[in-house]
Amino acid sequence: CHLIHYLRLGHHLTVLNYLICTFDKQKSLSSEDIKITDAVFDGVEVRVFEPPAKQDESLKRSVVYIHGGGWALAGARINTYNNLCRIMAESLSAVVVSVEYRLVPEVCFPEQFYDALRATKHFLQPDVLAEYSVDPSRIAISGDSAGGNLAAAVCQQLSKEEHLTVRPKLQALIYPVLQAFDFNTPSYQQNMDVPVLRRETMINYWIYYLNGNYNLAESLLINNHTALDVSQALSFRERLNWTSLLPSSFRKNYKPVIQTTGRAEIVQEMPALLDVRAVPLLAENETLQLQPKTYILTCENDVLRDDGVMYARRLENAGVEVTLDHFHDCFHGCMIFTVWPTEFSAGVQIRNSYIKWLDENL
């Protein structure tokens, strides 16, 4: 993939995504149990999973699901996410809307956010919910990894729009990526070289998503973009003070990496590094107070562990009811590794825990 990129025959992420989608090609559509249709919600492609109606209910629960992949890979139509959404629809007897947002390098931030927001707002319209026989009081917004980022950002934006008549009851975030302020949190330091998501890989995803220059990666790695002399970052520092937001079992003996002098031009070139639509963990308390009941799943062997844990603590401090579901023996992305030949018991374990929470709370 990188050779093709070097030879200027195509972007390596485009090639990688082609290989992923070819290898993980979705094998079937509708069955007797689940009706699967592709639709367009306000210009955004979605895949809708509809279970058969039960005799004792006229309206169904629903989940809007936003897939992961670093804002650049995978999609609603590949087999792993098709399988996940099918199982969710069957297990919950819920309508699942899987959002096929556009990817890097075709588009960069904020287009992925706007795609997810437009599709969700379209679905929340009373006439659309009626078309799919969905109970407007029982809707969740959910996503994993970069999809968890988009789900959190969409929930925050929806909470600010006063004219909405239907709002999500829940948000459920699976090992979400929520901040680009500090790439030296304890989990980033502890898991910097752990597959599937190494620290340098996550930094590269951020650079691609925010349309930055790859040459900035080394400076981001040592937090030069949020040094003490970068005035734009000062007001956000307390919102991501992991020395107070993380429990001691996660902090361990790691020390904060705070540069005295850094490179303010990084934030000037990529202002979205401090844009809450891209980094929901930096939202102000007034916004967090408006968030729905929340589920956050984290894995110990994941650079993003502390993103989720800190968001859970900030939401709790703002008065939101939060369930933090932490798995000590799991790794980033494992929930989609439930289909042969990449079938892991850890993936099935966390998928079942996630669906169980939705079933009990939605």
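Which residues in α3 are buried? They are Asn-79, Thr-80, Tyr-81, Asn-82, Asn-83, Leu-84, Cys-85, Arg-86, Ile-87, Met-88, Ala-89 and Leu-92. This is a predicted model, so please hear everything that follows with that in mind.

Let me stay with α3 for a moment. With 12 of its 14 residues buried, the helix is largely enclosed by the rest of the structure. Its length also checks out: at 1.5 Å a residue the helix should span 20 Å, and its end C-alpha atoms are 20 Å apart, which agrees. Just past the end of α3, Ser-93 has a positive phi of about 50°.

Cys-85 sits in α3, which runs over residues 79-92. How buried is Cys-85, as a relative accessible area? The value is 1%, and the cut-off for calling a residue buried is under 20%, so Cys-85 counts as buried. What does Cys-85 touch, once neighbours within four places in sequence are set aside? The contacts are Phe-49, Tyr-65, Val-96 and Ser-98. Of these, take Phe-49: it is 36 residues from Cys-85 along the chain, and the two C-alpha atoms are separated by 7.1 Å.

The buried set includes Trp-206, along with Tyr-205, Tyr-208 and Tyr-209. Arg-199 and Asn-204 are also among the buried residues of α8. After α8 comes Asn-211, with a positive phi near 60°.

On to a charged residue. Asp-135 belongs to strand β5, residues 134-144. Asp-135 is buried but has no salt bridge. What the Asp-135 side chain does have is a polar contact with the side chain of Ser-137, at 2.8 Å. Leaving out residues up to four places away in sequence, Asp-135 touches Leu-59 and Lys-60.

Last, the annotation. An unreviewed UniProt entry gives "domain: Alpha/beta hydrolase fold-3" over residues 63-216 and 273-335. In the model, residues 63-216 are 42% helix and 18% strand, with end C-alpha atoms 37 Å apart. Residues 273-335 are 27% helix and 30% strand, and there the end C-alpha atoms are 27 Å apart.

Note on methods. Residues numbered from 1 in each chain as written. Predicted model: local features only at pLDDT ≥ 70, side-chain atom pairs only at ≥ 80, totals over all residues. Heavy atoms only, no water. Helix = DSSP H or I, 4+ residues; strand = E, 2+ residues; numbered from the N terminus. Buried < 20%, exposed > 50% of the residue type's maximum accessible area, 1.4 Å probe, protein only. Lys, Arg positive; Asp, Glu negative; His and termini not counted. Salt bridge = Lys/Arg side-chain N within 4 Å of Asp/Glu carboxyl O. Polar contact = N/O pair within 3.5 Å; in protein donor to acceptor, adjacent residues only side chain to side chain. Contact = heavy atoms within 4.5 Å. Expected span 1.5 Å × (residues − 1). UniProt positions renumbered as here; feature names shortened; annotations may be inferred.
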